[in-house]
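Here is a friendly walk through a structure that may be new to you. Keep the 3D view open and follow along point by point.

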Amino acid sequence: MATYIIGDLHGCFEEFQLLLKQANFDPSQDELWLTGDLVARGDDSFSCLRYVKLLGDKATVVLGNHDLHLLATLQGIKSVKPKDKVDGIFQAKDRDDLQNWLRNRPLVAQHPIHKFILVHAGISPEWDLETTFHCAKEVEAILQSENYIELLSQMYANTPDRWDNHLQGIERWRYTLNVFTRMRFCYADNRLDFDCKLPAEDAPTELKPWFELENPLFKTQSIIFGHWASLIGYETPKNIYALDTGCVWGNHLTMLRWEDKQIFTQKRLKLD
């Protein structure tokens, strides 16, 4: 049995299937872990979503910002952007099943044997492992409840940008969502930045990638994430794995086999 971890799919279904074939992925024996953002911008978000759902407990996927945005558009909270190419999901007969499956995915997951942590964007530089999972479970409980629409309608903001144990309600939940699904850079005082999307080496000097801030968790724990395609070529610490390599933007899809750390890649097949 092998454990495969794959970066953001973004609807690149053909490349996804070729990558699985290249690694001889066997769903009867192997596990597949995915960094989120299954949907949006690629040619076939619907097939990505349905395929991963049909893998059942052989697949573990964490929620990304585009997955959450899809949930918001399905509820009419936000308008659908044509460039997201998600019409197939809206027209699907099993649309409700897909939606309910998606909102029941976690924000963070830890492998029971290998102990690596999987997130979409990152972990707050102010959280230890216990706080990370506690905050995730708070928000996951709401997403999986009848109150999820209210949460989705209030998640679109950049504040608060700093953790405080006394945060309550939507401010606490929004900070948690932004950390797990949107974060890239932080200031030296651990405040989150949402404006800079430059490659890490080109960022202003006052900003650092979240994983380079002082947090013992970042040095002792293997953390795997996606979300940040412009990290291609950037040297992360040896226990920090950035797997979004921008397939949907014309680059390639990346998958890691955990047991021997072999990397598999599949180039984008076509550009619009």
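The points below go through helix packing, then sheets, then a few details of the backbone.

1. A word before we start: what you are looking at is a predicted model. Please read each value below as something computed from that model.

2. Let us begin with helix α5, residues 95–103, and its partner α2, residues 45–54. Their axes lie 11 Å apart, and the two helices pack at an angle of about 65°. That angle makes α2 roughly perpendicular to α5. The crossing of this pair is left-handed.

3. Which residues of α2 and α5 make the contact? From α2 come Phe-46, Leu-49, Arg-50, Val-52 and Lys-53, while α5 brings Asp-97, Leu-98, Trp-101 and Leu-102. Sorted by class, this contact of α2 with α5 has 6 nonpolar residues, 3 charged residues and no polar ones.

4. Asp-94 has its place in the loop between α4 (87–91) and α5. With Arg-50 there is a polar contact, side chain to side chain, at 2.8 Å.

5. Helix α5 also packs with α3, residues 65–74. Here the axes are 10 Å apart and the angle is about 135°, which makes α3 oblique to α5. The crossing of α3 and α5 is left-handed.

6. To find this contact on screen, pick out Asp-67, Leu-70, Leu-71 and Leu-74 in α3, which meet Arg-95, Gln-99, Leu-102 and Arg-103 in α5. The residues of the contact of α3 with α5 divide into 4 nonpolar, 3 charged and 1 polar. Leu-102 is worth a click: this α5 residue is listed in the contact with α2 and in the contact with α3.

7. The α6 side of the contact consists of Thr-132, His-134, Cys-135, Ala-136, Glu-138, Val-139 and Ile-142, and the α8 side of Arg-172, Trp-173, Thr-176, Leu-177 and Phe-180. By class, the contact of α6 with α8 has 7 nonpolar, 3 polar and 2 charged residues.

8. Now to the sheets. In what order do the strands of the open sheet of 4 strands run? The order is β4-β5-β9-β10, and the pairing is mixed. At the edges are β4 (108–110) and β10 (240–242), each of which pairs on one side only. From one strand to the next, the twist averages 20°.

9. Within this sheet, β9 (residues 223–225) pairs with β10 in the parallel sense over 3 bridges. Ile-224 stands opposite Tyr-241 in β10. Helix α6, residues 129–143, packs on the sheet and touches β4 and β5 (117–119). The direction of α6 makes about 130° with that of β4.

10. An open sheet of 3 strands has the order β7-β6-β8, with antiparallel pairing. Its edge strands are β7 (192–193) and β8 (207–209). Strand β6, residues 185–187, is joined to β7 by 2 bridges, and Cys-186 stands opposite Leu-192 in β7.

11. Strands β11 (residues 252–257) and β12 (residues 262–267) run antiparallel and are joined by 6 bridges. Leu-253 stands opposite Gln-266 in β12. The hairpin of β11 and β12 has 4 residues between the strands, and Lys-261 there takes a positive phi near 60°.

12. Finally, some backbone details to check. Most residues other than glycine have a negative phi, and most peptide bonds are trans. Ala-40, in the loop between β2 (31–34) and α2, has a positive phi near 90°. Thr-159 and Pro-160 are joined by a cis peptide bond, with omega about -5°. Pro-160 is in the loop between α7 (148–153) and α8 (169–181).

Terms used:
Residues are numbered from 1 along each chain as its sequence is written. This is a predicted model: local features need pLDDT of at least 70, side-chain atom pairs count only at pLDDT 80 or more; totals for chains, interfaces and linings use all residues. Side-chain values use heavy atoms; hydrogens and water are left out. Axes are lines fitted to C-alpha atoms, for helices over the stretch in contact, and angles run from 0 to 180 degrees between N-to-C directions. Angles under 35 degrees count as roughly parallel, over 145 as roughly antiparallel, 65 to 115 as roughly perpendicular and the rest as oblique. A crossing is left-handed if the near helix is turned anticlockwise from the far one by less than a right angle, and right-handed if clockwise. Contact means heavy atoms within 4.5 Å. Ala, Val, Leu, Ile, Met, Phe, Trp, Tyr, Cys and Pro count as nonpolar, Asp, Glu, Lys and Arg as charged, and the others, Gly among them, as polar. Two strands pair if DSSP finds at least two bridges between them. A polar contact is a pair of N or O atoms within 3.5 Å; within protein, one must be able to donate a hydrogen and the other to accept it, and residues adjacent in sequence count only if both atoms are side-chain atoms.
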